[in-house]
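I opened my notebook to work through this fold one contact at a time. Here is what I looked up, in the order I went.

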Amino acid sequence: MLVSLFDARRATAGDRAPRLVPASTRLWLDFVNTDAAAQLPGGDLLRDFEALLVWFHQHGAIDDERAAGIRRRAVLQPAAAAAALVDARRVRASLRGLAEKGQLHERVRDDAVVEINRVLGRSAGTRRLDRHAGLYTRAFVPTGDAFAGLMIPMVESAADALVNDELARVRRCADPRCHRVFFDGTKNGRRRWCDMGTCGNRAKAARHRARSVTAH
Ligand SMILES: [Zn+2]
């Protein structure tokens, strides 16, 4: 079985606190959905560096130990933490472009690749082979600037979408008021809503209302 670096890291982090991620979710898309457009009217989920750290931790992008280390560094170096937050939002904007328009526009795709490579290119680290619970996984352990390494899981996840040629299954919710993006993991590839419980249901209710008006 092929294990991407990101999967390996996630498996390593999962050793301490197992997190089950449904197969149809994609970390980079969850990350895009933290922005202010997707979170209306609540606003940007990554409102400060601490919020970013909590979100990354909750989504298995960093483990307990690294989260604690980075939190300590952020207190000592508030300017570097603030810059990391600005950078995260910049990467996120580029990934939103990739999610919404990457399939149709080569230029958008190329821009995202430049952004992905910018993040990957500045992260120094070591690669290693780990064994957990009898399974071998590849891992990437960042060294040097901890803030710089933060964004790697996000861009690795987006890179996976390009490598696996799955952008055609990535789209924005069909509700024009909803800015959430999602990966369509259905068999027929005809999923239209970010979530059946919210946007899907609203659309169903609207169709029902339209039908009752015509019936009268
Ligand atoms: Zn939606």
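Predicted model: local features only at pLDDT ≥ 70, side-chain atom pairs only at ≥ 80, totals over all residues.

**Entry 1: alanine 158.** Setting aside residues up to four places away in sequence, I found alanine 158 touching Trp28, Leu95, Leu98, Ala112 and Ile116.

**Entry 2: the core.** Next I asked which residues have the most contacts inside the largest nonpolar core. They are Trp28, Leu29, Leu95, Met151, Met154, Val155 and Ala158, in a core of 40 residues. I then traced where the core comes from: α2 (27–32), α3 (49–58), α4 (64–76), α5 (78–101), α6, α8 (152–163) and β4 (181–183) each give at least two residues. The largest share belongs to α5, with 8 residues.

**Entry 3: α6 against α8.** I looked at how these two helices meet. Their axes come within 10 Å and cross at roughly 140°. An angle over 145 would have counted as roughly antiparallel, so at roughly 140° I have α6 and α8 down as oblique to each other. The crossing is left-handed. On the α6 side the contact is made by Ala112, Ile116, Val119 and Leu120, and on the α8 side by Ile152, Val155, Ala158 and Ala159.

**Entry 4: valine 119.** Is valine 119 buried or exposed? I count it as buried because 23 other C-beta atoms lie within 10 Å, and the cut-off for buried is 20 or more. Beyond four places in sequence, valine 119 is in contact with Val91, Met151, Ile152 and Val155. I also checked glycine 149: valine 119 is 30 residues from it in sequence, yet the two C-alpha atoms are 8.0 Å apart.

**Entry 5: the hairpin.** Then I turned to the strands. β1 (residues 125–132) and β2 (residues 135–142) run antiparallel and are joined by 8 bridges. One pairing I noted is arginine 131 with tyrosine 136 of β2. The two strands form a hairpin with 2 residues between them, and alanine 133 in the turn has a positive phi of about 50°.

**Entry 6: stepping back.** I finished with the whole chain. It holds 9 helices and 4 strands, in the order α-α-α-α-α-α-β-β-α-α-β-β-α from the N terminus. Of its 216 residues, 30% are buried. How many of the contacts between residues at least 6 apart in sequence join residues at least 24 apart? I have 62% written down for that.

Conventions
Residues numbered from 1 in each chain as written. Pairing = 2+ DSSP bridges. Buried ≥ 20, exposed ≤ 12 C-beta atoms within 10 Å, placed from the backbone. Contact = placed C-beta atoms within 7 Å. Core = buried A, V, L, I, M, F, W, Y, C linked by C-beta atoms within 7 Å. Axes fitted to C-alpha atoms, helices over the stretch in contact; angles between N-to-C directions. Parallel < 35°, antiparallel > 145°, perpendicular 65-115°, else oblique. Left-handed = near helix turned anticlockwise from the far one by under 90°.
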